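The following exercises concern a predicted model. Please examine the sequence and the structure before reading the solutions.

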Amino acid sequence: MESQPNNPLHGVKLADIVEKLVEHYGWHELGGKVRINAFNTNPSIKSSLKFLRRTPWAREKVEELYLETFHN
């Protein structure tokens, strides 16, 4: 297994990212920052993860927001 010392997301689970963002922003504000239905219409961790795992562009936006929020 290769080490990724320069990747701040290495070893961080997508579920942990979403949970921490929801805890920090709440669903309403998070849905305004990353405009996807999974955050705006009947949001849940489970439905959000399902969408993000199959939608690379949305996952990238969530990961970028996570890094901007918690790693600056």
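Helices here are DSSP runs of H or I with at least four residues, numbered from the N terminus.

**Exercise 1.** Locate N42 and determine whether N42 is buried or exposed.

*Solution.* Begin with the position: N42 lies in the loop that joins α2 and α3. Next, apply the cut-off, by which exposed means over 50% relative accessible area. N42 has 69% relative accessibility and therefore counts as exposed. Finally, inspect the backbone: phi of N42 is near 45 degrees, a positive value in a residue other than glycine. Most residues other than glycine have a negative phi.

**Exercise 2.** Assign the buried and the exposed residues of α3 to sides of the helix.

*Solution.* Helix α3 spans residues 45-54, and within it S48, L49 and L52 are buried. Because these residues cover an arc of only 100 degrees around the axis, they fall on the same side of α3. An α-helix has 3.6 residues a turn, so residues three or four places apart point the same way. The other side of α3 carries the exposed residues K46, K50 and R54. The packing partners of the buried residues of α3 are α1 (14-33), α2 (37-40) and α4 (56-70).

**Exercise 3.** Describe the largest nonpolar core and the contacts of L52.

*Solution.* The largest nonpolar core has 19 residues, of which V18, L21, L30, I36, F39, L52 and V62 touch the most other members. At least two residues of this core come from each of α1, α2, α3 and α4, and α1 gives the most, with eight. Turning to L52, and leaving aside neighbours within four places in sequence, its contacts are L14, V18, I36, F39, A58, R59 and V62.

Definitions and conventions:
Residues numbered from 1 in each chain as written. Predicted model: local features only at pLDDT ≥ 70, side-chain atom pairs only at ≥ 80, totals over all residues. Heavy atoms only, no water. Buried < 20%, exposed > 50% of the residue type's maximum accessible area, 1.4 Å probe, protein only. Arc of directions from axis to C-beta. Contact = heavy atoms within 4.5 Å. Core = buried A, V, L, I, M, F, W, Y, C linked by side-chain atoms within 4.5 Å.
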